[in-house]
Amino acid sequence: MKRTTPSASWCSGWAEYIVDQPVNNHQLVVGVSCRIAGLPNIEHALLDTGAQWSLVGGELAELMAEFAEDLDQPIPYSTRFGRIEARAYRASVVLVASSGEDLEVEATVALAPDFRGPLVLGYRGFLEKVRVALVPATSQGETDWFGFGG
Amino acid sequence: MNTTDTLVRKLTLNAGIFCLVAHSDAFLHQVEALKEPLQRRALVVDTAERLQVRMLRQSVQPGHLRVLFSDQNDRQFWQDIDSNRSMLNENRSVLLVVTSEAHQAMVASADNLMSSLGGAVIEARPRENIEAMIFAGKIREARLYAAEQTAMELGGLGRMLAPPTTKSRPASGGDHLERSHAWLREHRNEHRGRWVALLGDSLIGSDTGRKALQAVVNAHPSAHKILVSWIAP
């Protein structure tokens, strides 16, 4: 696999992103690597500029709630599965770089223990202040690069 | 008790002209919630037509509680209301007017209307306005409005609406991440509907429950290098 990292003056970090299998209506989803408040490991999150807010569901939401700031506010969230009950938290989410530097984002995140989908990095409270780039591989064996900067 | 609860209570106990002053059209979403409880108690008339105010004069029946919803805001509309307020009050008609901040001046400029409304004017609190804007997806508008409020009025809403902030940190990824991705591309079909924990190209564990898997990850000496990923069913 070729390891030549792309370059962009505004980009402070690069990491490989992964394209998931087609899901349901044949949409491909983009998975990027991040760390969320209080957990030692790296997470996979869906990069979704179409999502109003970032969203954490299921047991991961319960784990994260212990380390995030509860804002005591309901947060409206509609998914393709319908409307879900979510609560607003302020938390640190770190975009993980394999080249350059990580980017720590103090973000507003919707936590919804009843939501069974993946961790979503959405626009409001997160992506709206982060510059991002997707540089897809141009041939088989190359790396798909995710670039970011504050 | 929020503004809508207060308003429902007042409307069902009393009659008269009520004016709900909202600072955003987004508040209309919350007012929609008023209609159902009121419809059980009253004839509810929705109107976007000035003429319907005059029609009330003809169709009004003494003793009936009528609720007229309107978001009209031109001067003539208010003058119509003002000139009909005695009739509306006598016949237990309730006028519920929803208007935006910009139109508040219209209310004030209608002769005698504010005095006839007396203490019945219910103004949405800043928090309720902001929540309504967020509900309607009007985040930019909510931020502008929130900037004019005090921190005490906003509570957690201020933090919720605060733009994200960023700072750089030393890189914590590396080749192990790419090896984990390669593993996922090759093996994910074998683990659909499960969380997987990977250290490079080694599967540390997998589980349908995230908490159970997290306990395994937390106990691992190289937890900071482990990638945890959900594989869709």
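Hi everyone, let me start with one residue: Leu46(A) is partly exposed, because its relative accessible area is 22%, where buried means under 20%, exposed over 50% and partly exposed in between, with a 1.4 Å probe and protein chains only. Before going on, a word on the source: this is a predicted model, where local features need pLDDT of at least 70, side-chain atom pairs count only at pLDDT 80 or more, and totals for chains, interfaces and linings use all residues. Residues are numbered from 1 along each chain as its sequence is written, chains are lettered from A and ligands numbered from 1 in the order in which they are written, and side-chain values use heavy atoms, leaving out hydrogens and water.

Back to our leucine. Leu46(A) belongs to strand β4 of chain A, residues 42-47; strands here are DSSP runs of E, at least two residues, and helices are runs of H or I, at least four, numbered from the N terminus. Which residues does Leu46(A) touch, leaving aside neighbours within four places in sequence? They are Val29(A), Val30(A), Pro118(A), Leu119(A), Val120(A) and Leu121(A), with contact meaning heavy atoms within 4.5 Å. As for Arg116(A), it lies 70 residues from Leu46(A) in sequence and 14 Å away in space, C-alpha to C-alpha.

Zooming out, chain A has 11 strands and 1 helix, in the order β-β-β-β-β-α-β-β-β-β-β-β along the sequence. Among its contacts between residues at least 6 apart in sequence, 60% join residues at least 24 apart. Of the 150 residues in chain A, 56% count as buried. The radius of gyration of chain A is 15 Å, which agrees with the value near 15 Å for a compact globule of 150 residues; that radius is taken over C-alpha atoms, and the rule is 2.2 Å times the number of residues to the power 0.38. The C-alpha trace of chain A spans about 45 × 35 × 25 Å along its principal axes.

Now, cysteines. How many disulfides are there over all chains? The structure holds 0, a disulfide being a pair of cysteine sulfur atoms within 2.5 Å. Take Cys11(A): the closest cysteine sulfur is in Cys34(A), 17 Å away, so it is too far for a bond. Cys11(A) is buried at 14% relative accessible area, and Cys34(A) is buried at 0%.

Last stop, chain B. Helix α11(B), residues 175-187, has 13 residues and should span 18 Å at 1.5 Å a residue; its end C-alpha atoms are 18 Å apart, which agrees. The expected span is 1.5 Å times one less than the number of residues. Buried residues in α11(B) include His176(B), Leu177(B), Ser180(B) and Trp183(B). Thanks, everyone!
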